[in-house]
Amino acid sequence: MKTLTAALLTLVLVLPQSLPAFCGFYVAKADAALFNKASKVVLVRDGRRTVLTMANDFRGDPKEFAIVIPVPEVIKRKQIDVADNAVIDHLDAYSAPRLVEYFDDDPCHQIFYEMAPASRFGAAARTDGDAALGIKIEARYTVGEYDILILSAKESDGLETWLTGNGYRIPKGASQVLGSYVKQGMKFFVAKVNLERQAKSGFTFLRPLRVTYNTRKFMLPIRLGTVNADGPQELFVFALSRKGRIETTNYRTVKLPTDLGLPLFVKDEFAPFYRAMFDRLVTREDMRAVFLEHFWDLGWCDPCAAEPLTAGELRQLGVDWLKGPDSGRPGESEAYLTRLHLRYDAGHFPEDLLFQETRDKENFQGRYVLRHPWTGKPTCEEAEIYLRELPKRRNQEIESLARLTGWSVARIREKAAAYKAPPRNGPR
Amino acid sequence: MRGIGDPRLYQIAALGSLVLFGSVRLGFDLHPAIVSAILATSLGAQFLMTRAHHLPRLDFRSALITALSLSLLLRTGSLLTACAAAAAAIASKFVLRWNGKHVFNPANLGLCVAVLAGDAWISPGQWGSAAFLGLLIVCAGGFVAHSALRSDVALAFLAIFSALVFGRSLWLGDPMAVPLHKLQTGALLIFAFFMISDPKTTPDRRAGRMIFAALVAAVAAWLTFSLHSRNGLIWSLALCAPLTPIIDRWLPGLRYRWPERHTPIPASPPVPIAPRELAP
């Protein structure tokens, strides 16, 4: 009976994605804010329809802000919108790798955790000389606090000259990258802040821009961002799809190590733990891999690291296939969220990211587990066995942590010994 | 015949090692149930079709190669799709024939059928570029030891495809790192040395094989860069396979046979051999 319980609990701990079971009390998460220079991008893909939303974390003078994105077609006004940073932050919090905790029961009086139902439920620009530079302004819009131009160019030097001449600061050396896009017949979505409108809007931060277009080529251009960047950058891609997991086809996808028990003191040090672990992973893969941190059916979550997303929030991001009211939640198998995290620079990621939507529906989450030991007087044999096995488990946790982060085993042991867990509230 | 015995034995060992390496070191999501289903269906289908066609001996080596190739490349969550792919692959060898030769590389056809069915996919990025060196060694080893594997097709294809990729990047003004990265993929090597190099589904004469390699490379490049197909190589080979019998009629050569102790008498009429050229 006890072995069955142990097996059941182990099964629960080991296969969270296949059992709608109790997956621990949520404690902490490792979201994008942990990383410097992290960009967040949301990509929605449905057939050829692609919606790209770029979180804007620009904190300088709005006058200085400018963004240039290659797009596959001339974008119409109705294809552009501003979104809400809060929705992207919500996606981030919801899918971040999480720390959960369990409290071991008295082995003599095991409580069967019921299959707890998982939360189920959803430009004025100068025109003279443009032609000479080979630039054509295909369209001009004002959307929210932004002035937007859609440009087509005949050659990249002209484009670079035009952009710098019109106050769009692009890094030197970008013309080679721009040239590649020009030759492929791509257009350029160029945005600047309209200061008057921004002042009127009352927003202190710049809002994310959302662009919709149709294309066979499912990609995310990253090359422009790597020109003259000082050091590697972090990118979080939140991909929303209809049929399955999204992955890169020109770079390797690596899953995070997950479902690992860690020493209790990590409760206060989850952020440094995660950063150290990610650094180690990046080094192991020679900064050439894309890391899968989360892939889950948006119809349910377990544990839920944040409030589930509503249909309205998802619609804001471009998910237009959900049924039901804005306040409702997506049903099962209606939409999927893939969270990818990569650290990149021009040397290790020379190509733009190319994606595909697979039919993989197997859920995955980065999950790290703290198990509070039961501390009582043994009144049966199972309890004796449990207490004997406890030091082995502690050692395993310490070794896991050392292996994941590269921290010294001695230092970890010190911290583990010094940590005093807060008292549990109430019987479990 | 140059080489060491039956080249299929080396290929089975190589594919088997790659399957292990992939799942253990590279973290491929190879579910044992799916792999077992593919193996069982391939061998079972081979057995049934051999009986149905009253053939004298059961060729399990080719079936094993097909099964291992599918296991390595096919990704699906559905057992049914995996079995269907394996069954289609093996059946195509017996059903889709021209002039005594099967037209499609079985694993290639199996992959196409599975992807078209809708709940399977191929992960071209799964190899990354670090494992590239290891794969290069495996493939190079195959090339050295077994010229019977039609490595001329593999090399011709790689050379022409690389030239097209470099050419395009040169035209776009991309730095060298970009085409190098595009080519540095294990999927390309696997395709070249284990799929297009199949001696049974490539033209019999060397000149014919060179034409075939050029066609597959050109179509693959067009599918990848103009139509933005994720699996241009696989589709290209399937699309060009029906041209093999046409090339064979135009440029006839000596038909390839796997080395066997008792070579079965061919059911097809003897193939005319051009006066000057025989093997390889």
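Reader: Where do we start? Which hand does the crossing of α3(B) and α5(B) have?
Author: The crossing of α3(B) and α5(B) is right-handed. Keep in mind that this is a predicted model.

Reader: Okay. At what angle do those axes cross, and within what distance do they come?
Author: Roughly 40 degrees. The axes of α3(B), residues 60-73, and α5(B), residues 106-117, come within 9 Å.

Reader: What does that make the two helices to each other?
Author: Oblique. Angles under 35 degrees count as roughly parallel, and α3(B) and α5(B) cross at roughly 40 degrees, so they are oblique to each other.

Reader: Which residues meet there?
Author: From α3(B), B:Thr66, B:Ser69, B:Leu70 and B:Leu73. They meet B:Pro106, B:Ala107, B:Gly110 and B:Leu111 of α5(B). By class, the contact of α3(B) with α5(B) has 5 nonpolar and 3 polar residues, with no charged ones.

Reader: Now α1(B) and α3(B). How do their axes cross?
Author: At roughly 25 degrees, and the axes come within 9 Å. Helix α1(B) covers residues 7-24. Because angles under 35 degrees count as roughly parallel, α1(B) and α3(B) are roughly parallel to each other.

Reader: Left-handed or right-handed, that crossing of α1(B) and α3(B)?
Author: Left-handed.

Reader: And what classes of residue make up the contact of α1(B) with α3(B)?
Author: By class, 9 are nonpolar, 4 polar and 2 charged. On the α1(B) side, the residues include B:Arg8, B:Leu9, B:Ile12 and B:Leu15. Among those they meet in α3(B) are B:Arg61, B:Ile65, B:Leu68 and B:Ser69. B:Ser69 also belongs to the α3(B) residues that meet α5(B).

Reader: Switching to chain A. In what order do the strands of the open sheet run?
Author: The order is β4-β10-β9-β8, 4 strands with antiparallel pairing. The edge strands are β4(A), 66-71, and β8(A), 135-143. Each of these pairs on one side only.

Reader: How much are neighbouring strands turned against each other?
Author: By 20 degrees on average, direction ignored.

Reader: How many bridges join β8(A) and β9(A)?
Author: 8 bridges, in the antiparallel sense. Strand β9(A) covers residues 146-153. As one pair, A:Thr142 has A:Asp147 in β9(A) as its bridge partner.

Reader: Which helix packs on that sheet?
Author: Helix α3 of chain A, residues 156-165. This helix touches β4, β8, β9 and β10 of chain A. Its direction makes about 160 degrees with that of β9(A).

How values were computed: Residues are numbered from 1 along each chain as its sequence is written. Chains are lettered from A and ligands numbered from 1 in the order in which they are written. This is a predicted model: local features need pLDDT of at least 70, side-chain atom pairs count only at pLDDT 80 or more; totals for chains, interfaces and linings use all residues. Side-chain values use heavy atoms; hydrogens and water are left out. Axes are lines fitted to C-alpha atoms, for helices over the stretch in contact, and angles run from 0 to 180 degrees between N-to-C directions. Angles under 35 degrees count as roughly parallel, over 145 as roughly antiparallel, 65 to 115 as roughly perpendicular and the rest as oblique. A crossing is left-handed if the near helix is turned anticlockwise from the far one by less than a right angle, and right-handed if clockwise. Contact means heavy atoms within 4.5 Å. Ala, Val, Leu, Ile, Met, Phe, Trp, Tyr, Cys and Pro count as nonpolar, Asp, Glu, Lys and Arg as charged, and the others, Gly among them, as polar. Two strands pair if DSSP finds at least two bridges between them.
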